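Biologist: Please take me through how to read a helix and its packing in a model like this one.

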Amino acid sequence: MKHLTLPRVTVLMPVYNGEKFLREAIESILNQTFTDFEFLIINDGSTDRSVEIINSYKDPRIRLVHNERNIGLVPTLNKGLDLSQGQYISRMDCDDISLPDRLQKQVAYMDANFDIDICGTWFRHFGKTGESTFFLPENHEDIKCGLLFYTPMAHPSIIIRKNKLLGNNLYYDPTYNNAEDYELWVRSLEYLKFHNIGKTLLLYRLHDKQVGCREYDKQLTSSRRVWKTQLKNLLITPTEEDLDTHQSLCTGIFERNENFLTKVEKWLYMLQSANKKLRFYSDMAFEHLIHERWIKSCYKVYGFSAPCIMRLSSSVIFKETENKYSIILKFLFISISQKIRSHLFRLPHEVRFPQKKTCQK
């Protein structure tokens, strides 16, 4: 009897009415330099030409599964986790583009680093209004701290050790509408170790019909629940006003005035003091994060100016910090240089895609 060899990687891609960008997503996976994978595509009751497009490809690595009816993204993802056959599970969305060496680089990293369970990459937004690169934190402690404010793992860029994920019964929670990945990463911190490869290996498409645009309010509601959960680790029970301040720090959307800065300073100092007592987060990584959020907030209000430096250096947040001026200047220059790097970055010439309208939040 002939034994079938299981693939090293399962690329999991749910599809629901994704015909507009589907070919680009599929071809970006089929053209990977790493070839030992199954491409598990789950059709979640599409009513457009999605199935016709998928069936037009005769590549034996494609495994098309149909839901009997539209059940939604989270149940489809959980179904895909159970159906996956690979040692690693790699996520893909049907409107994004994986660069050709994405899987090769991620599999090589995971093979060489047995202590890492989830590995993401830097990514680049693209759309009609322009492009920008996201330089995500790379090591586990920085990612753990970053989760308190945002999702430092690009969901469609990740690769996961299947046995570690399912062995710890880690599935997506459907009660966290549109923030199911964020909640899963936070819950996984108890069991798994994270890393991001410091290279742009995914192109993340912005358009009006994606969940982050259509369901932005629901996404924020779910995110606030995730923030509350994490604040418990610091023994903080936030008021709604506290959560509003925290949300502003997470989204970067706030009034640019001194009154807001005072709220931010008070809130960040509370977080800073709580962690010094409890040591839930790495001291160095958490201080770095608090400094970064405070400096960016002041920079948005004052710009790169003398009042900005004065406001930062006189803050209670820096009262026990040695070499505070050099730290402040370093953060400011890094922020400015990353912004320049992001806009100067050019996509590989062989990658072609249409420019689409960026959603407005």
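Modeller: Helices here are DSSP runs of H or I with at least four residues, strands are E runs of at least two, and both are numbered from the N terminus. Just after α10, Gly252 has a positive phi of about 75°. The model is predicted: local features need pLDDT of at least 70, side-chain atom pairs count only at pLDDT 80 or more, and totals for chains, interfaces and linings use all residues. Residues are numbered from 1 along each chain as its sequence is written, and side-chain values use heavy atoms, without hydrogens and water.

Biologist: What span should helix α10 have?

Modeller: The expected span is 1.5 Å times one less than the number of residues. For the 12 residues of α10 (residues 240-251) that gives 16 Å, and the end C-alpha atoms are 16 Å apart, which agrees.

Biologist: Which residues of α10 are buried?

Modeller: Buried means under 20% relative accessible area, exposed over 50%, and partly exposed in between, with a 1.4 Å probe and protein chains only. In α10 the buried residues include Leu243, His246 and Leu249.

Biologist: At what angle do α10 and α11 cross?

Modeller: Two packed helices are described by the angle and the distance between their axes. Axes are lines fitted to C-alpha atoms, for helices over the stretch in contact, with angles from 0 to 180 degrees between N-to-C directions. The axes of α10 and α11 cross at roughly 100° and come within 10 Å. That makes α10 roughly perpendicular to α11, a class covering 65 to 115 degrees; under 35 is roughly parallel, over 145 roughly antiparallel, and the rest oblique.
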